[in-house]
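Here's a quick tour for anyone meeting this model for the first time. Have a look at it before reading on.

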Amino acid sequence: MLRGAALRVTRPRLAVLGAVHAHPHADTDTVIGAVRRDLPTVSHQAVYDCLSALTTAGLVRRIQPAGSVARYEARIGDNHHHVVCRSCGTVADVDCAVGHAPCLTAADDHGFAVEEAEVIYWGTCPACAATTAAAAPVPADAATGT
């Protein structure tokens, strides 16, 4: 993959690419932690530089939902979207809703050649919803049956 993108093959680049593949939607700290399991002496800056080079080369995709840190994913080459939990920040992939990338057909593209659309759905993940439901107080009349 690296050679195909005209990038030199280095241990840090291989480790970063492997970390992004192993941890979809990972933030930089997660990538650094995963890389350091294989390369304990790699610097933060080296990981940032690798992420930048891999993103520029189109081998990874950088996303940054509003209010969130940048995250990286290996799913590239399609126009998928994301769903984000407002409570815990979990991110999951969402395919385009209907047909072949309908979101790329803007009602008014203002003359732009649209190549990509970023749609983010916001909500509550099942784990957070279950926690919220379990923590909800029971109304007094429900507890007594009256």
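How are α1 and α3 oriented to each other, roughly parallel or roughly perpendicular? They are roughly perpendicular to each other, a label given to angles of 65 to 115 degrees. Before going further, note that this is a predicted model, where local features need pLDDT of at least 70, side-chain atom pairs count only at pLDDT 80 or more, and totals for chains, interfaces and linings use all residues. Residues are numbered from 1 along each chain as its sequence is written, and side-chain values use heavy atoms, with hydrogens and water left out.

**Helices meeting helices**

Helices here are DSSP runs (H or I, at least four residues), and strands are E runs of at least two, numbered from the N terminus. Axes are lines fitted to C-alpha atoms, over the stretch in contact for helices, and angles between N-to-C directions run from 0 to 180 degrees.

| Helix pair | Axis distance | Angle |
|---|---|---|
| α1 (residues 11–22) and α3 | within 9 Å | roughly 70° |
| α2 (residues 28–38) and α3 (residues 44–56) | 10 Å | about 110° |

On the α2 side, the contact (heavy atoms within 4.5 Å) is made by Thr28, Val31, Ile32, Val35 and Arg36, and on the α3 side by His44, Val47, Tyr48 and Leu51. Sorted by class, that's 6 nonpolar, 2 polar and 1 charged residues. Nonpolar means Ala, Val, Leu, Ile, Met, Phe, Trp, Tyr, Cys and Pro, charged means Asp, Glu, Lys and Arg, and the others, Gly among them, are polar.

Back at the α1 side of things, Pro12, Arg13, Val16, Leu17 and Val20 of α1 meet Val47, Cys50, Leu51, Ala53 and Leu54 of α3. This contact has 9 nonpolar, no polar and 1 charged residues.

On a 1 Å grid over the protein atoms alone, a cavity is a set of points where a 1.4 Å probe fits but cannot get out, while a pocket is an open set with protein on both sides within 12 Å along at least five of seven lines; lining residues have an atom within 4 Å of a point. Volume is the space filled by probe spheres set on the points.

There is 1 cavity of 30 Å³ or more, and the largest cavity holds about 60 Å³. β2 (61–63) and β4 (81–85) each give at least two residues to its lining, which splits into 4 nonpolar, 4 polar and 2 charged.

The largest pocket has a volume of about 180 Å³. Its lining includes Arg61, Arg75 and Asp78, and by class it has 1 nonpolar, 3 polar and 5 charged residues.

Definitions and conventions. Parallel < 35°, antiparallel > 145°, perpendicular 65-115°, else oblique.
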